[in-house]
Amino acid sequence: IPYIIFGPPGTGKTSIIVESILQLLFHDQKSRILVTAGPNCACDEIALRICNTLSLGTEPRGKVLARIYSYSQESRRENVNKLLLEYSNMYDWHFMPNVAVLQDYRIVVCTLSSVGKLITGGLQNFTHVFLDEAAACSMSEGLIGLVGGLNKKSNFILSGDHKQLGPIINSKRAEALGLGVSLMGRQLQHKCYDVNEANGHYNRSIQTRLCRNYRSNPAIVKLFSELYYDNKLESMASTGSLKIFINVSYACKTITYCYINYRKY
């Protein structure tokens, strides 16, 4: 059964994914990990955090992590973190690595579209597959990129927030056929992921539900907690980080006004 990490903005989904990957890397020598997401920015964030940890040691880190970019990303090479480039297929210029070589890497990070190409080329045998921003990609996007990379013994982990912006489907026919529901949203329809409304209990062996926000001002957290998350979010931001917010009450009123008018529309 896929493991789901559900969390609203600022609750630490990415931190949990990165820590989980590092624990697997250092404590399970047989693990081979695929990390993927729809947008490049999500893949970059996870890969860079792992690279920052790998760069702390003095031992060589050959064939540990490979960040694979498509050719279309070569135009933004100058804006990619230099450390991340060292672990990518754009460290000098863009090239597509041999799939047989990638098989020797412990961690492969790339977007769903790139995964589809690599899987078609024979990339396989992953013990763990992490899909970030799983609530924002369509069913077809998620399945095409992942079906070939999973086997009966693979662990599949999805992370995201199905209450945020979901898949954008331009085809009305595809929308009518249900392709507008994300892979994560479809998975959460199964009863095993239900949450007991009376006491908040849920099956923790197949999901984690984050409810502590470490990023936003309490007034902002209170607002979208009431609107979307049944008043279950807690504000845990440090006092120092809150000083950067100016005129929060005005900001909250503006957000509320926009939300009300959006619902009317």
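Visitor: How many aromatic pairs does the structure hold?

Guide: Three, in this predicted model. As a general idea, a pair of aromatic rings is described by the distance of the centres and the angle of the planes. Take Y91 and F95: their centres are 5.7 Å apart with 80 degrees between the planes, an edge-to-face pair.

Visitor: Are Y91 and F95 buried or partly exposed?

Guide: Y91 counts as partly exposed because its relative accessibility is 39%, and buried would need under 20%. F95, at 29%, is partly exposed too.

Visitor: What about F224 and Y229?

Guide: Their ring planes sit at 80 degrees, with the centres 6.2 Å apart, so this pair is edge-to-face. Both residues are buried. Ring pairs also bring in Y228, giving a cluster of F224, Y228 and Y229.

Visitor: Which residue lies over the face of Y69?

Guide: That's R67, at 3.9 Å from the ring centre. Likewise, R209 lies over the face of F6, at 5.1 Å from the ring centre.

Visitor: Now the strands. Which strands are joined to β1?

Guide: In a regular strand the side chains alternate between the two faces of the sheet. Here β1 (residues 3-6) runs parallel to β6 (residues 155-160), joined by four bridges, and Y3 stands opposite I157. Three bridges also join β1 to β7 (residues 207-209), again parallel, where I5 has T208 as its bridge partner.

Visitor: And how many residues are in the largest nonpolar core?

Guide: It has 35, and L146 is one of those with the most contacts inside it. Helix α5 (residues 112-120) gives the largest share, four residues. Further along the sequence, L146 touches residues including L34, F156 and L183. Apart from this core lies another, of 30 residues, among them V18 and F130.

Notes:
Residues are numbered from 1 along each chain as its sequence is written. This is a predicted model: local features need pLDDT of at least 70, side-chain atom pairs count only at pLDDT 80 or more; totals for chains, interfaces and linings use all residues. Side-chain values use heavy atoms; hydrogens and water are left out. Two strands pair if DSSP finds at least two bridges between them. Helices (H or I, at least four residues) and strands (E, at least two) are DSSP runs, numbered from the N terminus. A nonpolar core is a set of buried Ala, Val, Leu, Ile, Met, Phe, Trp, Tyr and Cys residues joined through side-chain atoms within 4.5 Å. Buried means under 20% relative accessible area, exposed over 50%, partly exposed in between (1.4 Å probe, protein chains only). Contact means heavy atoms within 4.5 Å. Rings of Phe, Tyr and Trp (its six-membered ring) pair if their centres lie within 6.5 Å; planes under 30 degrees apart count as stacked, over 60 as edge-to-face and the rest as tilted. A charge sits over a ring if NZ of Lys or CZ of Arg is within 6 Å of the ring centre and within 35 degrees of the ring normal. Lists of a residue's contacts leave out its neighbours within four places in sequence.
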